[in-house]
Amino acid sequence: MTNHWRDIRHADLMLINGANPAEAHPVGFQWMMRAKIERGGKMIHTDPRFTRTSAVSDKHLRIRTGTDVAYFGGLINYVLQNNLEHKEYVRFATNASFVIKESYNFTDGMFNGFDEAKKVYDTTAWAYEIGPDGFAVQDIDHPRSVLNLMRAHYSRYTPEMVERITGIQRADFLEVAKLVGEMGRPDKVMTIIYAVGLTHHTTGVQLIRSGALLQLLLGNMGRPGGGMNAERGHANIQGNTDHAISWDILPGYLRIPAPGQKNIDDYIARSAAKKLHANSLNFFGANYRKFLVSLLKSWYGDAATAANDFAFAHLPKPASDASWLSIFDAALRGKMEGLMLSGMTATSIGPDSNQVLQALSNLKWLCVMDAYSTTSSEFWREPSIDPSKVQTEVILLPATHWIEKDGSFTNSGRWAQWKEAVLPPEGEARHDHWILAEVFDRVRALYKEQGGKYPEPVLQLVMPYKDVRRPELDEIAKEINGKDLITGQRLTGFALLKDDGTTTAGDWIYTGHYPESGNLTKRRDGIQDPAKNDPTGMGYYPNWAWSWPANRRVLYNRASADSLGRPWDPKRVGIQWDAVTGRWTGDVPDYPATADPAKPDSPLPFIMTGEGTGRLFSNGVADGPFPEHYEPIESPIDNPLHPKVSATPVAFKYDERAGRPNRFGTSADYPYVATSYRLTEHEHYVTQHVDQLVALQPEAFVEVPAELAKEKGIATGDRVRVSSKRGKLEVRAVVTARLGPLTIDGKKVYQIGIPIHWGFVGINTSQHWLANALTPFVGDASSRTPEFKAFLVNIEKM
Amino acid sequence: MMLLDDAQHFVRDPDWTWYILFYFFFAGLSGGSYAIACLLRLFGKSEDEPAARLATYVAFVALLPCPVLLTLDLGQPLRFWHMLVNTSPGAEGPIFKYWSPMSVGAWALVIFGGFVTASFFDAWTRDRDRRFPRLPRGFLGGLWSLLGLVFGLFIAGYTGVLLSVSNQPVWSDTWTLGGLFLASGLSGSAALLGWLVRFRKPAQATAGVFSMSERVFQLLELVLIVAFVVTLIPTGALSRTFGLPWTALWLVALVGLARGLTTRTTARVSAAGDGTVAVKAVHAAATASLIVLIGILALRAAIIFSAQ
Amino acid sequence: MAEITPGKAYGFFTDTSVCIGCKACEVACKSWNMLDGNPPVFGDGYDNTGSLDAQNWRHVQFLDNVADQAAGPGQGKAWLMMSDVCKHCTHASCLEVCPTGAIIRTEFDTVFIQPDVCNGCRDCISACPYGVIEMDKQKGVAQKCTLCYDRLQGGLEPACAKACPTQSIQFGPVIELRERAQKRLEVLHGQGVAEAQLYGHDEKVYGGLNAFFLLMDEPEKYNLPNEKNAVLPSRNNARGYLTLLATAVMAVLGGLIAIRRRREKTDDAAG
Ligand SMILES: Nc1nc2c(c(=O)[nH]1)N[C@H]1C(S)=C(S)[C@@H](COP(=O)(O)OP(=O)(O)OC[C@H]3O[C@@H](n4cnc5c(=O)[nH]c(N)nc54)[C@H](O)[C@@H]3O)O[C@H]1N2
Ligand SMILES: Nc1nc2c(c(=O)[nH]1)N[C@H]1C(S)=C(S)[C@@H](COP(=O)(O)OP(=O)(O)OC[C@H]3O[C@@H](n4cnc5c(=O)[nH]c(N)nc54)[C@H](O)[C@@H]3O)O[C@H]1N2
Ligand code: SF4
Ligand code: SF4
Ligand code: SF4
Ligand code: SF4
Ligand code: SF4
Ligand SMILES: [Mo]
């Protein structure tokens, strides 16, 4: 989230797209309800299904899954056509006036820079015109200014086109567009809330970016009650992400080095953003080296010296990505010997689970670290598998559940909050970090004993814990915070990090969360005393836990005030310039605290980007500088915008590349669109072990539109068979008008809803159907997130 | 007050089943028989005394299963006494709620039990020609019988009121159940007694009374069934009580009634006057009373089960 | 939460317009009260609990009125969700009939079944017009929401209200809750949600329900008797006994006639 949960109550309008917060984030949802109840904020829920969120929103729009770019694109077009954008903001805080190189081109669904052979775009082909001063040329009226290109790009997204693609009727679209259009006024603010209904698509990143563009145009980014707010998944998935759960980053969103990068200079040249405007602070780009060196010092200690480029050589420079899909693809190709799964049940969660089961069967060994047995630790019991044919050695290491650990959770709003262990560990269960530490220690012993290829990264790694095999999370938290190696004191913020090897930081964005004064994530100055604990009255509660970066509660908050530092809306102050004290007041400023905005050379508002502004046009993503609507890989229609390039040309098709048979179906055989999702009552698969929740939701089912059910003679409770090109489910039907038909490009399209929560392990073991038997093995070009949310199926009564 | 409004409720059924059904049945017979005994003593001739004793025995025997059934029906049988004694902290002591028929019934049953038991031993000792202990005769005896009559009638009928004082559909939709259960309890008792006189020669003098009263009571019962139906019409609960599968029970109940109302067998039993009874008639009387008894069981079953 | 003081009337204001059907209340209640729950059965996909009973002292009802249209308002009125519970009626039918005195009004003006007094006669079950109570077969006593009597005594708000993320369940002194409810109703009416109505907030239903509701449709839709139907079991006492008395009188008269006449009129008196 750019903002945070409590902040949502400041919104006048909430666009909830690709999220079902009432069911997946019921506790956080209270803040949306507060906006609605306390300030009369309007809530628009755009979802293929009428859900428990729709039930309490002001309007529900039924959308075809995978088409939100068209919806947001339509809104962008509406705003631009009607001149409703927040003009001052757009000029001040976005790259609207930057001029794009002449080579930029978009025709028939293709951007320039496409490499036919590799099927990827060369993203550097999407670049600014650089002036003689080495900075980007700016001229908002230039025909190739970002704003004008954007206007042209989205002019195709007329209400009619929106209706053809999404199924949202023109009148309903315009009703919402009118509301959205008002949010460009400085005294109004809108938030966009999303979750995996946007990410689980081959166009996931662009879906989100299209919302962000709209927010930038309306001047809602950086403002209280505004922003682009991702509701994260597991309790600590934000913390996971921050600490590099993704293959493409190091902790703190530093890029993973690429092959051929010989030294830090090479790496910085390729990874850090360049300053593109004279007044751009380019904070991230400018300090990239400090963050990396401090990380290397943290990992390799004394072995990291200026002389050896701080052991940069020890970092892996992977030639291929290690996304979830890529890992299992490697196993399918027989390129993987063993696999350790911790807190994740591959069998249930991955797309095309039949293929995943095959992948697991190909392994020599599989080690599962979990508090329970899972569909992975028992994958050979999947009913279609013949266990005698599975040679994989499976090891289940009992790990403690997070309820049995202390440590911090970082929530969607980036607040790191320390928690205590609720229960003592059971039996011989060990903490994950103990298991991993011991495995590492033993491997290190083997290296010591036997040597090996390039042992240094293993031998030199610093394990600064009292017991190397049993590190405390408190010790790890201190290590992550980092310290000054000269004074030995833990640092109070990342601004103090240096690139000369005198500081450490395990994750620079967390530097300052655990200074010498103590663990700030344990702070609990909250609503016991709002007057004292929330001095601004804006709900920042600065002494409640700690949020990254620098305990800032709203990212980009400099953009909540105009160029002179006056808040756009005096009633909802993010930060503002106090000329008397010469400081920014309010939230922790996302800006130099004493930079006088009246000075002509004062930094531009977005201090983290090279431009100094928010990006309406960006080359940071793999599939296009402007979000464009592409059809899901399996779709009932050809893309009405460019039928020849219907789906995104850069989605990575694993089966095709590996020479496996095609596993994508067509609407001729699989006429219905399906999407998969969560229900309040279960947490993925693990709650299949919780009797109270199994009682609330005992059996696998799919939701079937009433009209289609009538055609097929299906009633609620009947058993149905749902099949895709990849597999099938045989489960109960829930017939409902909440999922009705849509008219897409003149065609009647039905959507079928598939809750994900069942498998062959748990209390009700007869529920052996894996929803992911149906989903396609393909992911987003940038993030490789699988397309869980749009695929084709057939349904029949059993 | 003729017709009740349709009161729509969303009650859960109390799961009153076999124990309660048989309690209602036996309470009807016990109360009914005892009432008849008292009536005979109060208003009959001296030749009715053997029949009155017979009725007392029946009342006693029918009463025996009642507390057992009631206790077994409880979720906590050992706490049966909580019906009479409040064990709530701070409110210890006897508990009596006149507005709760179950509370009233519990006390009534205790008192009625006393009456029946005393009368039973009285009859027993007199039959055996033993001297002691005996209930008084004369005015006090009359008073005894009068009170016994009241309690007998109450026990036979309050179970219907108990059902009505609820929010169950059917039960609470009608005001007829108390009367209906009383009438059917009495007619069942009369039928049973009419048949049992066969085994007790001295009581046969009263056979005619039984047969007569049975018809009167059944007439009353019929009137109340009609009233029951009428009261249910506006509530829409009619189909619930009379629909399948309850129709079958009602048919049984009505056959019982019809049998009692249309046959003259009992008349024949008493026709001989001198005490010699035609064998054929006796058989007919036996089946007739059996059918009547099954009828009153079916009536109660239909009302108890269909509502739940 | 302000201090909970004995002597004051406490209850719930359940605002169904903001209920999201998450069932946190159901689970919180079961956890706190250590209820095992019933064996799992598939209901209709969303409501698999079915009804209030001995194991479910909270039950979230789902009423689907969603029109089969591509767009529509939610506002809590298209897919209705309502967390049902014992109403803690001022004139409580269950308390009225209970022969053992097991059901009492507590010092918090709530209706409580004392599990050590109840003997499982189930009269209360047939009386409660809301189908709240059921006998726990294992324990042999009638069970229902206690309004977390034990928690109130310890100064804690009820588990279900505490767990409710949207404040659909609001716990507090009934007087305050009524004011809040009135305000919320006005807001909703102001927003054009004409369906919104309060239920049980005044004496019209059982003298006032300590656990009252803001509904988005007619009470009957939620299995709640409307004002007209909110009647107590004891209403049938007088007429029931009167019929009994009348029948008794007729029966005695009939008996007298029989005793006088001693035999039926018969055609074949010769027999
Ligand atoms: N109860 C519960 N809560 C959870 C979880 C759980 O398992 N159970 N899991 C947690 C995790 S890990 C995560 S990631 C989050 C996920 O939280 P959410 O993203 O809210 O969860 P989903 O139900 O997967 O998807 C949200 C909605 O997206 C809709 N949708 C599907 N495709 C599209 C589309 O193309 N456009 C639009 N506009 N909508 C679409 C679906 O119909 C669904 O209603 O939830 C977290 N919270
Ligand atoms: N079709 C379809 N598929 C999906 C999705 C979808 O929407 N549709 N959603 C996807 C998303 S967003 C997610 S996040 C995944 C969720 O998938 P998972 O994360 O795999 O699911 P969970 O069941 O939440 O948790 C996995 C395991 O973690 C264990 N666990 C809990 N705490 C600990 C701990 O401290 N240590 C260890 N070692 N184990 C622990 C639990 O016992 C459980 O078995 O599913 C994905 N798959
Ligand atoms: S499960 Fe936990 S994290 Fe998820 S909504 Fe509930 S309280 Fe929040
Ligand atoms: S709702 Fe039912 S159980 Fe609760 S107090 Fe009222 S009558 Fe009694
Ligand atoms: S079951 Fe218990 S609480 Fe209910 S009426 Fe009987 S004794 Fe009272
Ligand atoms: S008040 Fe307590 S007992 Fe009653 S429903 Fe809520 S949690 Fe359950
Ligand atoms: S916890 Fe609250 S929102 Fe959730 S179902 Fe219960 S009443 Fe509704
Ligand atoms: Mo997730």
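This briefing walks through selected features of the structure above.

The model is predicted: local features need pLDDT of at least 70, side-chain atom pairs count only at pLDDT 80 or more, and totals for chains, interfaces and linings use all residues. Residues are numbered from 1 along each chain as its sequence is written, chains are lettered from A and ligands numbered from 1 in the order in which they are written, and side-chain values use heavy atoms, with hydrogens and water left out.

**Aromatic pairs**

- A search of the whole structure finds 71 aromatic pairs over all chains. Rings of Phe, Tyr and Trp (its six-membered ring) pair if their centres lie within 6.5 Å; planes under 30 degrees apart count as stacked, over 60 as edge-to-face and the rest as tilted.
- One of the pairs is A:Tyr104 with A:Phe626, an edge-to-face pair with 6.3 Å from centre to centre and 90 degrees between the planes.
- What does this pair tie together? A:Tyr104 lies in the loop between helix 4 (87-93) and strand 4 (106-107) of chain A, and A:Phe626 in the loop between strand 19 (583-586) and strand 20 (652-653) of chain A, so the pair links parts that are 522 residues apart in sequence. Helices (H or I, at least four residues) and strands (E, at least two) are DSSP runs, numbered from the N terminus.
- A:Tyr104 is buried at 11% relative accessibility, and A:Phe626 is buried at 0%. Buried means under 20% relative accessible area, exposed over 50%, and partly exposed in between (1.4 Å probe, protein chains only).
- A:Phe114 and A:Tyr121 also pair edge-to-face, at 5.2 Å centre to centre and 65 degrees between the planes. A:Phe114 is partly exposed at 21%, while A:Tyr121 is buried at 7%.
- These four residues belong to one aromatic cluster, whose members include A:Tyr104, A:Phe114, A:Tyr121 and A:Phe626. Among the other members are A:Trp126, A:Tyr154 and A:Phe617.

**Charges over rings**

- The charged end of A:Lys419 sits over the ring of A:Phe409, 4.8 Å from its centre. The rule is that NZ of Lys or CZ of Arg is within 6 Å of the ring centre and within 35 degrees of the ring normal.
- A:Arg553 lies over the face of A:Trp415, 5.0 Å from the ring centre.

- An open sheet of six strands has the order 9(A)-8(A)-1(A)-2(A)-3(A)-3(C), with mixed pairing. Two strands pair if DSSP finds at least two bridges between them.
- Which strands form the edges? They are strand 9 of chain A and strand 3 (71-72) of chain C, and each pairs on one side only.
- Strand 3 (residues 59-62) of chain A runs antiparallel to strand 3 of chain C, and two bridges join them. There, A:Leu61 has C:Ala71 as its bridge partner.
- Strand 8 (residues 190-194) of chain A has five of its five residues buried, so it is largely enclosed by the rest of the structure.
- In a regular strand the side chains alternate between the two faces of the sheet. In strand 8 of chain A, A:Met190, A:Ile192 and A:Tyr194 point one way, and A:Thr191 and A:Ile193 the other way.
- Strand 1 (residues 13-17) of chain A pairs with strand 8 of chain A in the parallel sense over five bridges. A:Met14 stands opposite A:Thr191.
- Strand 9 (residues 228-230) of chain A also runs parallel to strand 8 of chain A, joined by three bridges. Here A:Ile193 partners A:Asn229.

- Ligand 5 has 14 residues around it; C:Cys98, C:Cys118, C:Cys121, C:Arg122 and C:Cys124 come nearest. A residue is near a molecule or strand if one of its heavy atoms lies within 4 Å of it.
- The shell around ligand 5 divides into nine nonpolar, three polar and two charged residues. Ala, Val, Leu, Ile, Met, Phe, Trp, Tyr, Cys and Pro count as nonpolar, Asp, Glu, Lys and Arg as charged, and the others, Gly among them, as polar.
- Ligand 4 also has 14 residues around it, and C:Cys86, C:Lys87, C:Cys89, C:Cys94 and C:Cys128 come nearest. Its shell holds ten nonpolar, two polar and two charged residues.
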